[in-house]
Each structure stands twice: as structure tokens, then as C-alpha cells.
Amino acid sequence: MKGKRLKCWGIIACCLTGAVSFAGCGSNENDGKIEIEIVQYKPEAANYFTMVEEKFNATHDDIHLTISSPNDAMTILRTRFIREDYPDIIGIGGDINYSYFVDAGILADVSDYPGLADINQAYLDIGEALELVPVDGTYAVPYVANAAGILYNRDMFAEHGWEIPETWDELMALCDQIKGEGIQPFCFGFKDTWTCLAPWNAMAVDLSPADAAKQVNRGETTFSTEYREVAEKYLKLLPYGPADPFAYNYNDACTAFARGESAMYTIGSYAVPQILSVNPDLNIDSFVMPANDSADGNTLNSGIDLQFCVTADCENKEAAYEVLDFLLEQENLQEYIDAQTAIPCKVGDFALAPMLDGMAEYITGGNMTDYQDHYYPSEMAVDAQIQTFLIEQDVDAFLQKFDTDWLRYNRDIIRMVQEYEASQGR
């Protein structure tokens with residue numbers, strides 16, 4: 001078992017803002033059954049996981065499953081890790097927190113789990129790329145993903161004869177055409193800073209290296225170099241949205257799009273349930289953000305939304321694998337996909353939501369690139385930085401601050417990476 005790395009434990013500990021109490025699963029015995037506990041971080045899927053827990057326990061005589069879906073799961077998990085009170089399985093996203101947990105050595109190597117053979121290789125590669133430095137083994141089983149690009153009103157496009165753009169110039173021409181017909185091309189909800197990341201990520205995967213953050217950590221480039229075109233093109237989107245995009249929050253933007261107040265919405269597939277809650281009859285489709293000057297340079301911005309990791313202290317790995325098998329069963333996974341408008345990370349004959357039709361060829365072809373912000377430390381508050389940039393519209397100042405803050409908030413990781421590179425003779 002890989003030893004815990006105290007250096008990264010310090011990073012995790014610094015993320016905590018206060019103590020949180022959480023009852024552990026207690027005894028591993030439940031009428032003689034093996035007890036498996038899952039803590040997963042998506043409270044919006046709590047009903048699904050309640051169903052899974054009940055269904056699993058009704059069909060298994062030797063294992064009892066408990067699944068918790070708290071609102072503040074990541075804080076709870078960090079607190080429990082520091083106390084060495086580990087669930088058997090954690091359900092988390094593929095982001096910087098996962099990177100910290102891998103490096104801290106609290107996750108078990110699951111490369112011997114047979115179910116990995118059925119996972120889309122593109123998502124296994126995305127998970128491996130999140131490692132701060134390369135480590136042997138596999139530490140997560142990707143479950144579902146989401147995708148970010150441009151949602152559009154299919155009926156409105158058909159009525160006006162608008163064509164789906166495949167290049168940046170075509171997107172700009174389409175926006176001019178839509179605006180010229182008296183319709184607002186985009187809705188934005190930039191009052192909520194996190195929404196500023198959606199267009200940023202969708203453009204960055206087309207215009208910057210997938211491993212831009214790792215290249216910066218190795219001292220091979222700067223964000224001022226890699227993100228300049230992203231920043232410049234982002235500003236060109238603003239005239240095609242509401243007069244004051246910072247007056248609207250996420251719910252406002254979803255409502256505006258649902259009511260037909262714009263033709264398009266630069267957001268991820270995760271917004272579809274919220275939009276349909278306002279207008280269940282809205283005919284939505286999507287397409288990949290065409291930020292590149294060539295259609296061949298476009299890729300789908302897709303990342304792991306939920307993955308399951310067995311903790312290194314799990315005493316019943318085989319039972320944990322049996323739970324993972326159950327979660328990955330066709331019927332159960334399809335039910336999650338339907339409820340959350342998600343993309344399966346498992347290869348198979350799954351029915352995707354029709355609003356993902358325009359992205360389907362990228363999904364089936366494995367032409368997907370992870371969200372750039374999955375590499376950003378939360379302390380850096382990149383979403384707020386982007387919001388400030390969109391208000392001030394000073395590209396040079398924004399990029400300079402990005403580089404400066406990156407060195408400040410990633411100094412321990414940068415040191416770790418450079419030590420690793422030196423040990424490899426690079």
C-alpha cells in the first residue's frame with residue numbers, strides 16, 4: 001500500500017474551514033453482514049442513491065450497503081480523512097481534490113478491478129492525467145461525465161434556418177445573424193462567479209494544451225502564453241449576451257433560456273434539468289464550442305462528474321468491488337443517466353438524452369478533453385478572477401495575475417513536480 005504523503009496532507013488540511021462532525025458507519029457487522037459505506041458528493045442525486053442502497057440491500061444477503069449524500073461532502077470527507085475515519089468508498093468528481101487524495105495515499109489501487117475493462121478509455125486517461133505526479137496503479141472507477149459547450153433552442157434554429165457553426169468565424173457570423181434578426185444570441189448568468197468558468201473551459205480545451213497546468217508546473221510555459229487567445233475570444237462573446245451579464249445569476253440565465261429569451265446558452269449539460277424544470281417542453285440540443293479556427297481542432301469539453309474510489313483502509317475490497325459492479329449494472333447506470341442528463345463513462349448501449357445529440361459523435365469517438373479548471377486550486381478562486389476580468393476587460397492584467405497567483409497557490413505542488421522531474425533526470 002502506498003504510504004501517505006504528509007506534504008499533500010498539509011494542502012488538504014488547509015482546505016478545511018472548520019471542524020465538522022459526522023457519524024461514521026460504526027461496526028462493520030450488521031447481522032453478520034459485511035458493512036460497506038459510501039459517501040458521495042452529489043446531493044442532487046440523493047434520491048437515486050437511496051434507491052440504489054435499498055435495491056442492493058434487498059438483493060444481497062452477505063453485504064449491507066450504506067450511502068450518504070451530504071450537502072457538504074467534500075468538507076466532511078477531508079475532516080474524516082484527517083481523523084483517519086475512512087468510508088469504504090467515496091464518490092467524488094475528477095478534479096483537484098481527487099488529485100490531492102491520490103497523492104496523499106488514501107485511495108486504494110483498483111487496477112485489479114475487472115469492471116475497469118468496460119470503462120471508456122478516454123475517461124481513464126482523463127483520470128490518470130489528474131495525478132500531480134505519475135503514480136503506478138488506478139485509483140478511481142469513472143461512473144458518469146458531463147459536457148460543456150453550447151446549448152441551443154432547436155426549434156428556434158429550425159424556424160430561422162440557422163446552421164450549427166464549426167469554426168470560430170462561423171460562430172461569430174451566426175451571432176451577428178441572430179442579433180440582426182432581433183434575437184439575443186446568448187444568455188449569461190455571470191452574477192454567480194462559477195458560471196464564468198463554463199465558456200472559459202469550453203474554449204480553453206480548443207485553444208490550449210490539455211496539460212497546460214502541468215506544463216506551467218514544470219516551468220515549460222506560462223498561462224500568459226497559453227491563455228491569451230482564450231481570454232481575447234471570451235471578450236468577443238460578451239456583446240452577444242444581455243446588456244449587463246453580471247445582473248443575472250445561474251437560475252436567472254436558465255430561466256431566460258427556458259423562456260426563449262436567447263437562442264443559445266454557453267453552459268454544461270448539468271444545466272439541462274434546471275432549464276427543463278422551468279419549461280419541460282423546450283426542445284434543446286447542443287454542440288461543441290467551436291473556438292478553433294478549424295473544425296478539426298475542436299474537442300468536446302467533458303470531464304468526470306462522478307467517480308468511485310475505494311479507500312486504502314477498506315477491509316473488504318472484494319465486497320466493495322461487488323458494490324461497484326452493482327452501480328455499473330446497465331439498468332442502474334441508465335437510471336442515473338436519465339435522472340441527471342449524464343454521460344456514462346462505461347462503454348455500452350446506453351440511451352443518451354436527446355439534448356446531447358450534437359455532441360454524440362465526440363463522445364462515441366472519444367474526442368474529449370477535461371475541464372481546465374479541474375487543475376485549479378480552489379484557493380486561487382479562478383472563477384472570481386475571470387468574472388473580474390470580464391468586467392475590467394484587461395487581458396494583460398488578468399493573465400499577469402493568473403501567473404502570479406498560480407505560483408503563490410501552487411508552490412508546494414510545483415516543488416513536488418520539479419523534484420519528481422529531477423529524480424527522473426529531466
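A polar contact is a pair of N or O atoms within 3.5 Å; within protein, one must be able to donate a hydrogen and the other to accept it, and residues adjacent in sequence count only if both atoms are side-chain atoms. The model is predicted: local features need pLDDT of at least 70, side-chain atom pairs count only at pLDDT 80 or more, and totals for chains, interfaces and linings use all residues. Residues are numbered from 1 along each chain as its sequence is written, and side-chain values use heavy atoms, leaving out hydrogens and water.

**N153**
- A polar atom of the N153 side chain lies 3.0 Å from the backbone nitrogen of M156 and one lies 3.2 Å from that of D155.
- Beyond four places in sequence, N153 touches F257, G260, A263, L282 and N283 (contact: heavy atoms within 4.5 Å).

**Helix 17**
- Helix 17 spans residues 382-392 (helices are DSSP H or I runs of at least four residues).
- Its buried residues include I386, F389 and L390.
- The buried residues of helix 17 pack against helix 8 (197-207), helix 11 (228-237) and helix 18 (395-409).
- Just after helix 17, Q393 has a positive phi of about 55 degrees.

**Nonpolar cores**
- A nonpolar core joins buried Ala, Val, Leu, Ile, Met, Phe, Trp, Tyr and Cys residues through side-chain atoms within 4.5 Å.
- The largest has 77 residues, and W200, L237 and M264 have the most contacts inside it.
- Apart from that core lies another of 53 residues, among them Y48, A145, L300 and C314.
- W200 touches residues including Y234, I386 and F398, not counting those up to four places away in sequence.

Terms used. Buried < 20%, exposed > 50% of the residue type's maximum accessible area, 1.4 Å probe, protein only. Helix = DSSP H or I, 4+ residues; strand = E, 2+ residues; numbered from the N terminus.
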